[in-house]
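Please open the model in your viewer and keep the selection panel at hand. The tour below moves from one selection to the next and says what is found at each stop.

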Amino acid sequence: MRDKISSSPVLSVVSKILFAPIIIFGLYVQFHGDYGPGGGFQAGVIVAAAFILYSMIFGLSKGETLVPIMINRYLMCVGVLLYAGVGIVSIFLDGMYLDYNVLSSDPSTGQHIGIILVELGVGITVATVMIALYHSFASFGEINE
Amino acid sequence: MNFLLINFFLVSLLLVTAFFIFKTTSLISVVALTGAFTLLCSAIYVNLDAVDVAFTEAAVGSGISTILMVMAAAKLPEGKKNKLINLFPSIILAVSISLILIIIIANLPLLGDPNAPIHLHVVPEYLKESKDFFHIPNVVTNILASYRGFDTLGETIVIFTAGLGVIALLTSNTLNRKTNFKKNNKKNER
């Protein structure tokens with residue numbers, strides 16, 4: 001099950017071609033969320049979809065080499081901490097928690113910076129949690145002694 | 001008029017999909033049909049101009065969760081079909097819930113009514129203020145990340161906690177510990 005690699009060349013070639021565009025689309029949704037529909041939640045899911053596609057086609061162990069499990073778990077925490085950290089920073093800059101106005105000399109720019117950082121935190125957490133969910137589901141039941 | 005026609009079409013497709021979800025006994029088909037159901041829901045959201053919600057519904061509802069459901073279904077023992085044993089209680093439950101919902105819908109304000117309570121409280125302020133102050137055209141992003149920053153932090157933590165829970169429940173480390181625990185117990189019994 002773990003190293004069951006798809007025998008069809010069509011699937012592997014197509015997934016190789018699609019991998020980069022999916023991630024670029026995810027980044028577009030992430031950073032264009034201020035101007036169009038999108039944001040951290042959607043972008044995280046799209047980026048995770050690329051990695052899940054890779055692990056589905058090439059097997060779970062190759063997917064684990066691409067995103068090592070421990071790094072994935074650390075990134076889960078990094079996303080939440082980035083979001084909460086923006087709030088802490090704004091407290092230190094004499095603002096209220098999650099008050100982005102103080103992040104820059106111009107309140108409007110401060111809001112921009114805050115929103116982008118916060119959405120990035122959301123995106124990182126969502127993407128890594130989705131990858132972790134997939135890996136837990138896919139590797140469930142294999143007991144390696 | 002077009003809006004109504006498209007909505008009517010989509011909602012009737014939803015009903016058809018729901019009927020087939022009810023009819024099929026194969027687990028994989030139910031998962032696939034549920035994915036189609038959420039995709040139709042996201043089409044309805046697009047029709048209602050809620051593009052952000054539609055985007056999330058399409059990515060999360062019909063994308064990732066379908067994959068996860070397929071993965072979960074693949075782990076189940078094969079050859080067992082879902083048997084509907086006694087339909088009577090579930091039919092009564094479904095009918096009563098839908099009756100309650102229909103009564104509630106009759107009391108809701110009309111779709112797009114500008115005098116509905118939800119459009120009078122803080123939304124006018126947000127719409128007026130956010131473009132001048134943030135210089136960010138997407139009001140949804142402003143509300144999500146700035147006005148409602150605490151809520152979004154909470155949502156992120158909920159997702160994080162859900163991930164932690166699944167890892168703790170399903171990862172093989174936990175299983176190893178369990179089997180070792182059982183082995184130790186057996187040794188102790190001897």
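A residue is called buried if 20 or more other C-beta atoms lie within 10 Å of its own, exposed if 12 or fewer do, and partly exposed in between, with the C-beta atoms placed from the backbone. By that definition, 16% of the 190 residues of chain B count as buried.

Before selecting anything further, note that this is a predicted model, in which local features need pLDDT of at least 70 and side-chain atom pairs count only at pLDDT 80 or more, while totals for chains, interfaces and linings use all residues. Residues are numbered from 1 along each chain as its sequence is written, and chains are lettered from A and ligands numbered from 1 in the order in which they are written.

**Stop one: chain B as a whole**

Chain B has eight helices and zero strands, and along the sequence its pattern reads α-α-α-α-α-α-α-α. Two residues are said to be in contact if their C-beta atoms, placed from the backbone, lie within 7 Å. Of the contacts in chain B between residues at least 6 apart in sequence, 38% join residues at least 24 apart.

**Stop two: helix H2 of chain B**

Select residues 27-47 of chain B, which form helix H2.

Leaving aside neighbours within four places in sequence, B:Val30 is in contact with B:Ile21 and B:Thr24. The C-alpha atoms of B:Val30 and B:Val70 are separated by 10.0 Å, although the two residues are 40 residues apart along the chain.

Now move to B:Ile44, also in helix H2 of chain B, which is likewise partly exposed, with 18 C-beta neighbours inside 10 Å. When residues up to four places away in sequence are not counted, B:Ile44 touches B:Asn7 and B:Leu10. B:Ile44 and B:Ile85 are 41 residues apart in sequence, and their C-alpha atoms are 34 Å apart in space.

Following H2(B) you will find B:Asp49, in the loop between helix H2 and helix H3 (51-75) of chain B. B:Asp49 has a positive phi of about 65° although it is not a glycine. Is B:Asp49 buried or exposed? B:Asp49 is exposed, because it has 10 other C-beta atoms within 10 Å.

**Stop three: a loop in chain A**

Turn to chain A and select A:Leu98, in the loop between helix H4 (69-92) and helix H5 (107-138). The phi of A:Leu98 is also positive, near 60°, in a residue other than glycine, but A:Leu98 is buried, with 22 other C-beta atoms within 10 Å.

**Stop four: two helices of chain A**

Show helix H2 (residues 40-58) of chain A together with H5(A), whose axes come within 7 Å and cross at roughly 30°. Axes here are lines fitted to C-alpha atoms, for helices over the stretch in contact, and angles run from 0 to 180 degrees between N-to-C directions. Among the residues that meet here are A:Gly40, A:Val45 and A:Ala48 in H2(A), and A:Val126, A:Met130 and A:Tyr134 in H5(A).

**Stop five: where the chains meet**

Display both chains, whose contact takes 45 residues from chain A and 41 residues from chain B. On the side of chain A that touches chain B, the largest share, 18 residues, comes from H5(A).

**Last stop: the nonpolar core**

A nonpolar core is a set of buried Ala, Val, Leu, Ile, Met, Phe, Trp, Tyr and Cys residues joined through C-beta atoms within 7 Å. The largest one has 47 residues, and those with the most contacts inside it include A:Val45, A:Ala48 and A:Tyr134. H5(A) gives the most to this core, with 14 residues. Finish on A:Ala48, which touches A:Ala127, A:Met130, A:Ile131 and B:Ile64, not counting residues up to four places away in sequence.

Note on methods. Helix = DSSP H or I, 4+ residues; strand = E, 2+ residues; numbered from the N terminus.
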